[in-house]
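Reader: Before we discuss individual labels, could you show the model and say what each term rests on?

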Amino acid sequence: MDRDRPALIMSGRKYLVSNFSIVVPIVFLGVMVLWPLGAVLQRSLSGVGVQRVVEIATRSSTRGILWFTFWQAALSTLLTLLIGLPIAHILARYRFVGRSMIRSIAVVPFVLPTVVVAAAFGSLFERTGVAGQRTVWAILGAHVFFNVAVVVRIVGGYWQGLDRSLEDAASVLGARPTQAFLRITLPRLVGVILGSGLLVFLFSFTSFGVILILGGPRRATLETEIYRYAISRLEFDVAAVLALIQLVIVVVLAMVSARFQRSYARGEGSRAKPRLLAVTGLRRRLHLGLVLGLTLVVIGLPLGSLIDRSLQVGDGYGLDNYSNLTEPVGLLPTSAIRALGISLEFAFVAACIAGLVGLAAAVGIVRGGRLGRVVEAASLVPLGVSAVTLGLGYLLAFTVMDFRRSIWLVPLAHEVMGLPFVLAAVVPALRSVDSRLRDAASALGASPTRIVATVEWPLIRKPLMTGAGFAAAISMGEFGATSFVSRGKDSFTAPLAIFRLLSQPGDLLRGQAIALSVVVGVIVAGIAATLERQRDGVTLL
Amino acid sequence: MRLSSLLGASVLLLGACGSADSAGVEQPATETTQESSGTTAVSPGPDNSGEGVTLTLVTHDSFAVSDGVFEAFTRETGIGVEVVSAGDAGEVVARAILSAGKPEGDVLFGVDNTFLQRALDADIFEVYRSEFLASIPDELELDQEWRALPIDYGDVCVNYILEGGLAPTSLDQLATPDFASQFVTMNPESSSPGFAFLLATIATYGEDGWQDYWRKLTNGGVTITAGWSEAYFGEFVQGGGDKTIVTSYATSPVAEVLFADPAVATSPTGVLTEGCFRQIEFAGILKGTEHPFEAEKLLDFMLDETFQADIPLNMFVFPANSEVELPTEFTDHAVQVDSPLFLDPAEIEANRSRWTEEWTEIVLR
């Protein structure tokens, strides 16, 4: 296709630009993902024969682990979509009190520490099985709770920007609402649903804490096994083969998903300022009530119990746990509040870089042909391979200039994990820009800058902010990779502090840990709200 | 898209980042810049006539030290210390082995006796026979070639709630249904105290007897969690759960008093002093360091009284140096274990995988 071979048709300058937008993410992903991965795989597999690799990959235990990893992730994704889409729908289409607040709060579960959430979930899913092991439903429930934000915010944001006139026309022509949804709305959502669904799948696919804490040792996944073989057993070759399997699956999934997304992409024309429907009539009220009830159960109750616990002081209630956060605790290399400050700085850096690189990458993916597909697949790798693999990769690769000791490694590691979210939000929006609009503007004499400012920017600005908000959220909440690359007190983030506070007995420490979790959640909700608020009045030029 | 337009968009995005910064996240960010003077990273000041070397101490994430301790070392020697703490003890050892020859730092602290043989086998330490070992009891010096020097020790013991629960008096009794059903311990594969408790049962009942003991525990209804935090804060009554017996440390009652809210005079928890496995933590000079001489001085310092006296209330373990006076919190609330259990580090390393696999078969079948 011509689209894939731009060199001959494009002018020299245009060619350079489409390359520029592809070079930035390629360099970034090459340095931060492919190089360390290559280093750790090479080190672990050097001198290991093909026979051994095949033997490890085809063991029955490997097959069992692979099967469980796959089906729990698939089921988690399905459930997350099932619960997330109705919530995304009401947030995208209805006007009601508390709408924007729910949208902001939805991101909170995403950043809560697993140890803390597991305590809340543990009480929901009683220990019943052998030696008090919980059922697989505890894992699935926790995955839905953690990931529902991805669907609600990314699909919801896109949905809200969809022009409703087509549905209106269908309705005038006598289509029932379900009919209009299935025939007109859903096809336009497929791309973004696939994209966000893939992110949820990858998160569930590589989830570590949830599996370990709620699943018990009999429920091993690729992720927990890679950790076990690399760290507990020092069998680096087995860990590397499992990591390779993980890598292949991620790349294949990313490519399949990208192909589907491309084939479903279509021009959307201009997007009118979203009109939200008033909630009138019994049917609509009932619908809204049901979905709000669902939201309350899935997001509200666990968060509520967490806030409740953070306010418990001795036998009564109070704010002591929060005011204690400023006090130094011997266990922590720095006070909890300073850890929070470090987290904020990292989140800011990670969100800005993820936004900029993501913007370049999105343009590259949409216009960049084959290289664009490489970037699209490579950008998902950090979510799909285990934190241990990447962490050990950094350790081996970044001996150059001793970069492994730089505190910049932490926000950069966060950034590569935030990048897929920026892409999941921006790429569908950018694909939906009707090329005729660009051509028309160009024909009318608009400069390229002006075209971006008036045609493309309004459509991708909000998704970009949603994505950047997610990047900030990831940075604020990330534990696994951070614990691996953190360099001591100057990169001691809030999640590390929470984890450390829970490492000794005492109500004082537990109270602080829970209060700190709530504060992290509130800040992330605030960041998400702020990033998306200035919707009106901001133009590019 | 043209280059100019891309740049335009980038500039705008930067602007947006800037405005978001000033709008929402300003206050805490300024707070952080105010406090940037270090506690754990100490660089030699300009008034020091020392070498100007800054050593990196690689350690696990439970490492803690009071303000001013490493500063004292820097004043004395002119050598700075930067602490790099990441991951638990197992991760620290795995990282050191994987990066052998190109170490992340100069000195490693935090290898315990359950991982000691693994570190020695991988040959990551330089030999250093410090003269300060004179103050360290011989039974802690497990490495006869002085590559890994003992810094602290502690005992993993069964803890229980004093009021409202049964108090076990022996490991045998713990395995009876009344006690086992109230007992929460951790998976030895994912938890260091969990592994230590498994070793305690192996040391007590022997290579052929521990399996039966765990069958009894399992039949009695023991609960297994992945890690200590989930057990203590999720299942144990002190953290809001309903189990009254938990695997923890002999020093846990100290933390129970120190971090109580509201304050208490004595710990609400007690310690079963039978069946305690002793964990000893070691430090060593990493092979490949460019500053072996300075690293030796740091090891001396870590064995000497200033650092040793700072250990108990920061890491809730006992200092290896027997001449150091314990803080009153320790003498009042920590439980002294008279006959702790040991296993040879080489035996532990040789059998680790087999033991944990057998354990999994028995307990989680």
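Author: Helices (H or I, at least four residues) and strands (E, at least two) are DSSP runs, numbered from the N terminus. This is a predicted model, in which local features need pLDDT of at least 70 and side-chain atom pairs count only at pLDDT 80 or more, while totals for chains, interfaces and linings use all residues. Residues are numbered from 1 along each chain as its sequence is written, and chains are lettered from A and ligands numbered from 1 in the order in which they are written.

Reader: Why does A:Leu234 count as buried?

Author: A residue is buried if 20 or more other C-beta atoms, placed from the backbone, lie within 10 Å of its own, exposed if 12 or fewer, and partly exposed in between. A:Leu234 has 21 C-beta neighbours inside 10 Å and therefore counts as buried. This residue, in the loop between α10 (222–232) and α11 (236–264) of chain A, has a phi near 55°, a positive value in a residue other than glycine.

Reader: Why is B:Trp146 called partly exposed?

Author: B:Trp146 has 15 other C-beta atoms within 10 Å, so it is partly exposed. B:Trp146 sits in the loop between β4 (125–126) and β5 (149–161) of chain B, and although it is not a glycine, its phi is positive, about 55°.
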